[in-house]
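Please look over the sequence and the structure shown below. The report that follows goes through some helices, sheets and salt bridges one at a time.

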Amino acid sequence: MKQNDSQSVNPDGSLAVGAAARRQTRQVSVAWGNHAVKVGGGAPVMVQSMTNTDTADPIATAIQVKELALAGSEVVRITVNTPEAAAQVPAIRDQLDRMGVAVPLVGDFHYNGHKLLTQFPECAQALSKYRINPGNMGAGNKRDDNFAQMIEVACRYQKPVRIGVNWGSLDSQLMARMMDENSRRPQPWPAQAVMREALVVSAITNALRAETMGLPGDAIVLSCKVSHVQDLITVYQDLASRCDYPLHLGLTEAGMGSKGIVASTAALAVLLQQGIGDTIRISLTPEPGGDRTREVVVAQEILQTMGLRAFTPMVVACPGCGRTSSTVFQELADSIQQFLRQQMPVWKTRYPGVESMNVAVMGCVVNGPGESQHADIGISLPGTGEIPSAPVYIDGRRTVTLKGDTIASEFQAIVERYVHERFGASDKAA
């Protein structure tokens, strides 16, 4: 395929259509054992998530980490907030290793991280990365000492660090100083602009301090979390222009349901399209009893629909209209999409490239045949008043027509056969 100037190819071979060239950064390795995930330096944008279990409960936490990892989270962050939690981190790591889950663990520290990392060396060793919030480390010399202790531990165990600044816990002394300086300007900035500048200054200043203390520059990731879309875009555009550290993107406290998904997508899509961002998390509030893995799926879908990465075959389905009196196409689209995602833990190793497959499930004759022909494999179900048959298209050619009450199961079998025949070259070679 001939590329125009607005196209770029990612290191994993995926085509980022219309996306700007990725911002050049240092590369950070987040590793456990022989398994390492690269952040920045041209590596594919990484997906991460965070548990909401009590880390002092090692079994519940290990189970949720496994669920998030199987859903596609490439690193998982856990809260380390008490001595009881810190004491259980090695047990969580051991349990994951016994289950064959090599996903790196990131420790999330606030207020007392300097104590926990020094008092529990096994915890410090079992974690693959530390998240430090400079705004929650005390004040004055105490803050400097606490920060220095955490960086010293990171250097000792050769662990990377995310210096994560958050506008809900911004360094109050820095903010006060910058507000005073702003008041002396001939034309003072709005308070919101000063806050955004303070976030960027805090992140970069603390990263440079960490380097002077011995932490390598390629062991630092930065983030500046806010909860408003326009603020997040402005802050990260500024941060990206002033440093070459990898950046973690995420709209903090994004919210619940469609609001959280829409807000996160609106903010992250703009930045990713500009080549900004090396790892992302979608901070969704789960519905009561909801599945924590939803945030992983949303993160993957943002990256995949933008053409930045491929995780699972995508299903194209029409929204339905007055021509589609039946719910068959909706039910089929949902079942096929769930089926494809459920198969991916096995398929991604057995059928390389299957994640790039496109499937169409259409509901009537208007766009059904055309969309099905454009997909790798597609089906056009009958709409209101149409002949009760469903043509199936494979690689642009009409191959078979399905009828009756078993269309769904027959089409799923066709999809399975197509995957095996097209992507199963390794099976044939064996």
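## Helix α8

In helix α8, the residues Asp231, Leu232, Ile233, Val235, Tyr236, Leu239 and Ala240 are buried. Buried means under 20% relative accessible area, exposed means over 50%, and partly exposed lies in between (1.4 Å probe, protein chains only). Helices (H or I, at least four residues) and strands (E, at least two) are DSSP runs, numbered from the N terminus. The cover over the buried residues of α8 includes α7 (191-212), β10 (220-225), β11 (248-249) and α9 (257-273).

Helix α8 covers residues 229-242, which is 14 residues. From its first C-alpha to its last α8 reaches 20 Å, close to the 20 Å expected at 1.5 Å a residue. The expected span is 1.5 Å times one less than the number of residues in the helix.

## About the model

This is a predicted model, in which local features need pLDDT of at least 70 and side-chain atom pairs count only at pLDDT 80 or more, while totals for chains, interfaces and linings use all residues. Residues are numbered from 1 along each chain as its sequence is written, and side-chain values use heavy atoms, with hydrogens and water left out.

## The sheet of 8 strands

An open sheet of 8 strands runs in the order β10-β9-β8-β7-β6-β5-β13-β11, and its pairing is parallel. Its edge strands are β10 and β11, each of which pairs on one side only. Helix α10 packs on this sheet and touches β5 (46-50) and β13 (279-280); the direction of α10 makes about 160° with that of β5. Such angles run from 0 to 180 degrees between N-to-C directions, and the axes are lines fitted to C-alpha atoms, for helices over the stretch in contact.

Two strands pair if DSSP finds at least two bridges between them. Strand β9 (residues 161-166) pairs with β10 in the parallel sense over 6 bridges. In this pairing, Asn166 stands opposite Lys225 in β10. Strands of a sheet pair through backbone hydrogen bonds, either parallel or antiparallel.

## Gln300 in helix α10

Gln300 belongs to helix α10 (residues 294-305). With a relative accessible area of 5%, Gln300 is buried. Leaving aside neighbours within four places in sequence, Gln300 is in contact with Val47, Ala71, Gly72, Phe311 and Arg341. Contact means heavy atoms within 4.5 Å.

## Salt bridges

A salt bridge is a side-chain nitrogen of Lys or Arg within 4 Å of a carboxyl oxygen of Asp or Glu. By this rule the count is 18 salt bridges. One of them joins Arg131 and Asp108, with the closest N and O atoms 3.2 Å apart. This pair links distant parts of the chain, as Arg131 is in strand β8 (residues 129-132) and Asp108 is in strand β7 (residues 105-109), 23 residues apart. Arg131 is buried, at a relative accessible area of 5%, and Asp108 counts as buried at 6%.

Asp144 and Arg209 also meet in a salt bridge (3.6 Å, N to O). Here Asp144 is in helix α5 (residues 140-157) and Arg209 is in helix α7, 65 residues apart. Asp144 counts as partly exposed, at 28% relative accessibility. Glu152 forms a salt bridge with Arg156, the closest N and O atoms being 2.4 Å apart. These two are separated by about one helical turn because they lie 4 residues apart in helix α5. Glu152 is partly exposed at 38%, and Arg156 is partly exposed at 44%. Arg22, Arg23 and Asp278 are linked in a network of salt bridges.

## The sheet of 5 strands

A further open sheet has 5 strands in the order β15-β16-β17-β18-β19, with mixed pairing. The edge strands are β15 and β19 (397-402), each pairing on one side only. From one strand to the next the twist averages 20°. Strand β18 (residues 390-394) pairs with β19 in the antiparallel sense over 5 bridges. Pro391 has Thr401 in β19 as its bridge partner.

## Helix α11

Helix α11 (residues 328-350) lies across β15, β16 and β17. It runs at about 160° to β16. A kink of about 60° lies at Met344, shortly before the proline Pro345. The bend at a residue is the angle between axes fitted to the seven residues ending there and the seven starting there.

The buried residues of α11 are Phe329, Leu332, Ala333, Ile336, Phe339, Leu340, Met344 and Trp347. They pack against β15 (314-317), β16 (358-362), β17 (377-380) and α13 (407-423).
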